[in-house]
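Good morning, colleagues. Please have the sequence and the structure open while I speak. I shall go through the sheet, its side chains and the charged pairs.

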Amino acid sequence: AIIDTNSNSSFMYLIDTRPKLNAVVNKAAHKGGYESTEHYTNIRYQFFNVHNIHVMRESLQKLTEAVHSSYGSVNCVLSTLESSSWLKHIHLIMEASLFIAKALYHEGVNVLVHCSDGW
């Protein structure tokens, strides 16, 4: 087991990058969901609200459109960038990355990362 590889910690983080609501809905629909902490007392869950690949792809497409329309006014480009939500997605990914780095480096805790389908 992964937890056994680190004698310095009695628990490990299970990072689920999906929004918690998505995991709960999948569990209720018997499409996976997430592991129960009742069965694994040595894990601590963290959800990070990163959307699925379809949402990310649509956001990237909007970002690409904003870059290609850079011949327009600055306000138009900034407005398109804002509506793409790309920077919000990147912020969430960076937040998760920082949490993982701190867990590994500062806390010395093992981390298992679970991403959404297709990642």
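Let me begin with strand 1, residues 12-16, which runs parallel to strand 2 and is joined to it by 5 bridges. Please bear in mind throughout that this is a predicted model.

I turn now to the side chains of strand 2. In a regular strand, side chains alternate between the two faces of the sheet. Which residues of strand 2 make up the covered face, and which the uncovered one? Ile 43, Tyr 45 and Phe 47 form the covered face, while Arg 44 and Gln 46 form the uncovered face. Tyr 45 has a relative accessible area of 16%, so it is buried. Phe 47 also counts as buried, because its relative accessibility is 17%; the cut-off for buried is under 20%.

Those two rings bring us to the aromatic residues. The structure holds 4 aromatic pairs. One of them is formed by Tyr 45 and Phe 47, whose rings are stacked, with 5.5 Å centre to centre and 5° between the planes. Elsewhere, ring pairs link Phe 11, Tyr 13, Phe 48 and Phe 99 into a cluster. Arg 44, from the uncovered face of strand 2, lies over the face of Phe 11, at 3.5 Å from the ring centre.

Next, the charged side chains. Side chains of opposite charge can pair when their charged atoms come close. How many salt bridges does a search of the whole structure find? The search finds 2.

In one of these salt bridges, the side chains of Arg 18 and Asp 16 meet at 2.6 Å, N to O. Arg 18 counts as buried because its relative accessibility is 7%, and Asp 16 is buried, with a value of 1%. Asp 16 is found in strand 1. Leaving aside neighbours within four places in sequence, Asp 16 is in contact with Ala 23, Tyr 34, Gln 46, Phe 47, Phe 48 and His 114.

The other salt bridge joins Lys 62 to Glu 58, with the closest N and O atoms 3.6 Å apart. Both residues lie in helix 2, 4 residues apart, which is about one turn of the helix.

Met 56 counts as buried, because its relative accessibility is 5%. Met 56 and Trp 86 are 30 residues apart in sequence, and their C-alpha atoms are 7.7 Å apart in space.

Thank you for your attention.

Methods
Residues are numbered from 1 along each chain as its sequence is written. This is a predicted model: local features need pLDDT of at least 70, side-chain atom pairs count only at pLDDT 80 or more; totals for chains, interfaces and linings use all residues. Side-chain values use heavy atoms; hydrogens and water are left out. Rings of Phe, Tyr and Trp (its six-membered ring) pair if their centres lie within 6.5 Å; planes under 30 degrees apart count as stacked, over 60 as edge-to-face and the rest as tilted. Buried means under 20% relative accessible area, exposed over 50%, partly exposed in between (1.4 Å probe, protein chains only). A charge sits over a ring if NZ of Lys or CZ of Arg is within 6 Å of the ring centre and within 35 degrees of the ring normal. Helices (H or I, at least four residues) and strands (E, at least two) are DSSP runs, numbered from the N terminus. Two strands pair if DSSP finds at least two bridges between them. A salt bridge is a side-chain nitrogen of Lys or Arg within 4 Å of a carboxyl oxygen of Asp or Glu. Contact means heavy atoms within 4.5 Å.
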